[in-house]
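Please take a moment to look through the sequence and the 3D view before reading on. The briefing below moves from the whole chain to a few single residues.

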Amino acid sequence: MTALVRLLQVTASPPSLQDNTGDLDRLQRAIRTRPGFAACRLAVPYRRLGRLAARFRACGFQGVALLNELPPAVPGPAPAGEPAGWELVDFLAATPLRLPALALDLGTTHLEAVLLDLLSGDELGRATRENSQIVHGADILSRIHFAAGQQEAGNGLALLQAAVIGDVNALASKLAGEAGLAAAEIRALSVAGNTAMGHFFLGLDPYQLCREPYIPVVNAPGPVAAAELGLNLHPAAPVHVLPGVGSYFGGDLLAGIVACDLDLAAEPAMLIDVGTNAEVVVGCRDWLVACAGAAGPALEGGVAKMGMRAGPGVIERVSIDPDSGALSFRVIGEDRVVAESSSAVGAPSTLPARGICGSGIIDLMAELFLAGMIDIRGKFRPERMGERLVQGPDGPALVVAWPAEAAGGEAVVVSQVDLDALMRSKAAMYAILATLMEQVGLPFSALGRIYVAGAFGRHINPRQAVVLGMIPDLPLATYRPVGNSSLAGARRYLLDREARERIGAVAKKITYLELNVNHEFMIRFSGSRFIPHTDRSLFPSVPVP
């Protein structure tokens, strides 16, 4: 491995009347005698001068130097012959058993982190936490407006930064504690997030991000010491916020590209990452084109009243017998299927249903369509619904889990309003994909692989998404779930210098398309608002109920 932080065994001759070299000059001289370090750039931060010298002397001028890799002056692979740069920050008496570092997916709604050992590459722990900034705004735009104002509790931007720094500190403490460590032992942090979240994290003014011509303060911020951000990691731990391309294309997507090796692919492939938005990249080692659009909320459980992110007790699978109309479902964390009861009460589950996630809603809607219980517009057909069709506060609704099958005795229902929201999301998703492929001049059949990231990719049944017309009608083997690709890329960033160079190189070569002003996108969106599509020839494998 070529980790972001490196340990180097050093032995230096002690000072004498014949050799009055300064302590830190002596340490740097000893480092330069090691293979590969003769011409390297070595820097000692001012804040570490006294402590580093004292530790070097206390160790008897021999032990282990701890160095943080410095990025090249220009993002991307270092020019041929350019020596590596290192920041010398600590000196230890002996090699530690572990060298912990934290990789972070800095999401708009949730943060997910993994604690790694840079010596072995092993994962020491993983945790997720809701983004505390939500109390200041549910979405990025509202938070940008909040950041611009002076609130009763203080400066808006400072409050947003304090919230997310507090979240990272909480995750670090939790993971370190579970691994038998202190958070102050964590030696590095890589952060993958969208451009706005990166600004909030660093305390940078996001004002221009949502105003034409949509310019960030910086696309590729350099490393900053944890102590400067108020993080409870080791004070000298380097914090790297992965570079972005612009206001709507952040380091989270670049991390995903590298995690899936899309930038190394010999043939065109696609990455779909559904979160607050649906972000899509298509390309190969020779070219990469990306776009983003608002297709995510309904798929993440952000629209349906009973919708929620995937987690224990959440309905992820639904099936309906097309002949009898009997409905069954499965919740996350339980292998057995809760079967349809002969009564309106239903059979209680060993793990009651708390709600339904995006994959569950997709399953439900596809099954309703195949059973003839909704029409091509996604509208309920009451004559086919039976006792599960009820009248709710928002109009007609379908009972997915009866009170006896649900947590807290509250039935899990999906309303017509919820299905309408999913219809808009699925139409937007397909329109985004089709418009992007039209822009690069390729048919869907040219894609050898489609990577589907996030919880959406982990739980989605591609066949059901094809039935709805959400994703193209391709062989199911084309689709590959990749989990949290943003976090996977942030992890590789810590462990592999090549990955760090590739992320910088991708940032320089990728092309971003703006769909909000694309006329073809709006035409495709309108055509996609039927199941599976107004043009049935695009989905030959989907049967007509």
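What follows is a short briefing, grouped by topic.

The structure is a predicted model, and its protein chain has 14 helices and 24 strands. With 545 residues, a compact globule would have a radius of gyration near 24 Å, and the 26 Å of the protein chain agrees with that.

**Overall form and packing**

- Taken along the principal axes, the C-alpha atoms of the protein chain fill a box of roughly 100 × 50 × 45 Å.
- Of the 545 residues in the protein chain, 55% are buried.
- Among the contacts in the protein chain with a separation of 6 or more, 67% are between residues 24 or more positions apart.

**Surface and charge**

- The protein chain exposes about 22100 Å², and carbon and sulfur atoms supply 54% of this area.
- The protein chain carries 46 positive and 53 negative side chains, and the centres of these two sets lie 5 Å apart.

**Cysteines**

- The structure holds zero disulfides.
- C40 counts as buried because its relative accessibility is 3%, which is under 20%.
- C59, with a relative accessible area of 22%, is partly exposed, because that value lies between 20% and 50%.

**The surroundings of R29**

- R29 is found in helix 1, which covers residues 23-32, and R29 counts as partly exposed at 40% relative accessibility.
- When residues up to four places away in sequence are not counted, R29 touches S13, D19 and T21.
- R29 and A12 are 17 residues apart along the chain, and their C-alpha atoms are separated by 8.4 Å.

- Most residues other than glycine have a negative phi, and most peptide bonds are trans.
- The peptide bond from E212 to P213 is cis, with omega near 10°, and P213 has its place in the loop between helix 5 (195-202) and strand 11 (224-225).
- Y214 also lies in the loop between helix 5 and strand 11; although Y214 is not a glycine, it has a positive phi of about 65°, and it is partly exposed, with a relative accessible area of 36%.
- D261, which is not a glycine either, has a positive phi of about 60°; D261 is placed in the loop between helix 7 (251-259) and strand 13 (269-274), and its relative accessible area of 29% makes it partly exposed.
- A cis peptide bond also joins I531 and P532, with omega about -10°, and P532 is in the segment after helix 14 (519-527).

Note on methods. Residues numbered from 1 in each chain as written. Predicted model: local features only at pLDDT ≥ 70, side-chain atom pairs only at ≥ 80, totals over all residues. Heavy atoms only, no water. Helix = DSSP H or I, 4+ residues; strand = E, 2+ residues; numbered from the N terminus. Rg over C-alpha atoms; globule rule 2.2 N^0.38 Å. Buried < 20%, exposed > 50% of the residue type's maximum accessible area, 1.4 Å probe, protein only. Contact = heavy atoms within 4.5 Å. Areas by Shrake-Rupley, 256 points an atom, 1.4 Å probe, with all protein chains shown as cover. Lys, Arg positive; Asp, Glu negative; His and termini not counted. Charge placed at Lys NZ, Arg CZ, Asp CG, Glu CD. Disulfide = S-S within 2.5 Å.
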